[in-house]
Protein chains: 2
Amino acid sequence: MSSTSSEQQHAILAAALKLLAHGGPQALRVRDIATTAGCTTMAVYSRFGGKDGIVEAIYVDGFHRFTQALEEAVNGRPADQGEQLGMAYRMWALENPGSYQIMFTQAVPGFTPSPEATLMALGSFQVLVDTVQAQQGAGHLRQGDATQIAWAQWGMSHGLVMLELAGIQPTEEPVAAEAVYRDGLHAAARGFAPDQA
Amino acid sequence: MSSTSSEQQHAILAAALKLLAHGGPQALRVRDIATTAGCTTMAVYSRFGGKDGIVEAIYVDGFHRFTQALEEAVNGRPADQGEQLGMAYRMWALENPGSYQIMFTQAVPGFTPSPEATLMALGSFQVLVDTVQAQQGAGHLRQGDATQIAWAQWGMSHGLVMLELAGIQPTEEPVAAEAVYRDGLHAAARGFAPDQA
DNA sequence: CAGATGTTATAACACTGTTATGTTTCTCAA
DNA sequence: TTGAGAAACATAACAGTGTTATAACATCTG
């Protein structure tokens, strides 16, 4: 039946996500995924076409949830949306480090996402652009290319998150990471504020 | 002799860097490194202890050259040093993408740098902190924790460079990447400027 | 010179992604 | 119901890669 197929697909993906959460990207081994999902190695090939298929599924699932988390975070006045978005970005990455690495770094050697998956990734970026435009409309950000401003903010978020995920700390106290991140967001907001502000 | 040992070490490292430049981190295969260096597979184990030893050598070599490039770039008035440093950061990463990936991402699955190598990496960060302090002294950046400001700037540089290395472009024109990056640097500088400026 | 130490060359091993193969099970029309 | 075709399973084999073993060779030391 098609329903059991789909259930097994789900079980395999869930097993892969479990291994990913527990041991990072390098814990994604086809045999282990199959064992964890309670099926044979071949099932992974029947359902996903191989390891890259699993990784692509994780990639797509990750961006789906990531985009959703970002959209849900933006629910206040435009003045607050930048910080809300930035903090949600970091939070999601810290809670889903394995997925984040697969989505934004080449943690799995041979894997490159399909064109459709890449488009989906850019759709996630659209949330940032929309937020920038809302803030521009409210006079909190300078006029100009919203894509460019969103890109710079994405860059700062991504860079700080990556450094944090890599375990590189600015100070001895790990508690400071969040404060440093928030301060970076504020600085970026000031940097892109209208001239007269 | 010890000199021939050292020469062979150098030949192996050079071969690894050549493969890295040509095919990226996943082109670093022990057999290929040995063949390119004109020695046997075992020589890699005698000289470097295995693949991780080679990767660590690339890591250390990379941070050595990276730090040097950053230091050489800072040679103007404090007002210009931020942009000089940021542009040198991006330029080095684009010219040494393989090394940059090994240094800042986990491009080689099992590899983790030794504590000494990690200290060396933080030494590179010190160039940023020194520059921030010079700019603070000249009144171009707000007073406060120089480490924190440098960290945010590093984050933005790292994030934008990683996105660029991953081939993700903000617009259709690849020429815009440098302009976007430079604008991001300016925004960060404005964001951390003293209040009255 | 003789032994110890290190290096070379070759091969074998372990792990992982992938493919092949024979068997079983299921589906569904006759 | 039944039998043919298809799908899936279980097992094994294959290919690539990091690593280790082993024996022959070289080099240095006393």
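**Symmetry and DNA contacts of the predicted model**

In the predicted model, chain B is superposed on chain A by a rotation of 180 degrees with 0.0 Å of shift along its axis, at an RMSD of 0.1 Å. This is the relation of a two-fold axis. The same surface serves both copies, in that 100% of the contact residues of chain B recur in chain A.

Around DNA strand D there are 16 residues, of which Thr40(A), Arg29(B), Val30(B), Arg31(B) and Lys51(B) come nearest. Of the atoms of DNA strand D that come within 4 Å of the protein, 55% belong to sugar and phosphate. At least two residues of the surface near DNA strand D are supplied by each of helix H1 (2-23) and helix H3 (41-48) of chain A and helix H2 (30-37) and helix H3 (41-48) of chain B. By residue type, this surface divides into six nonpolar, five polar and five charged residues.

DNA strand C is surrounded by 14 residues, the closest being Arg29(A), Val30(A), Arg31(A), Lys51(A) and Thr40(B). For DNA strand C, sugar and phosphate account for 55% of the atoms that come within 4 Å of the protein. Two or more residues of the surface near DNA strand C come from each of helix H2 (30-37) and H3 of chain A and H3 of chain B, and H3(A) gives the most, with three residues. This surface comprises five nonpolar, four polar and five charged residues.

Turning to the helices, H8 of chain B (residues 146-165) has 20 residues and reaches 28 Å from its first C-alpha to its last, close to the 28 Å expected at 1.5 Å a residue. H8(B) is mostly covered, with 18 of its 20 residues buried. Its N-terminal end is capped by Asp145(B), a side-chain oxygen of which lies 3.1 Å from the backbone nitrogen of Thr147(B), and H8(B) is followed by Gly167(B), which has a positive phi near 85 degrees.

Note on methods. Residues numbered from 1 in each chain as written. Chains lettered and ligands numbered in written order. Predicted model: local features only at pLDDT ≥ 70, side-chain atom pairs only at ≥ 80, totals over all residues. Heavy atoms only, no water. Near = heavy atom within 4 Å. Helix = DSSP H or I, 4+ residues; strand = E, 2+ residues; numbered from the N terminus. Nonpolar A, V, L, I, M, F, W, Y, C, P; charged D, E, K, R; others polar. Least-squares fit on C-alpha atoms with pLDDT ≥ 70 in both. Contact = heavy atoms within 4.5 Å. Expected span 1.5 Å × (residues − 1). Buried < 20%, exposed > 50% of the residue type's maximum accessible area, 1.4 Å probe, protein only. Polar contact = N/O pair within 3.5 Å; in protein donor to acceptor, adjacent residues only side chain to side chain.
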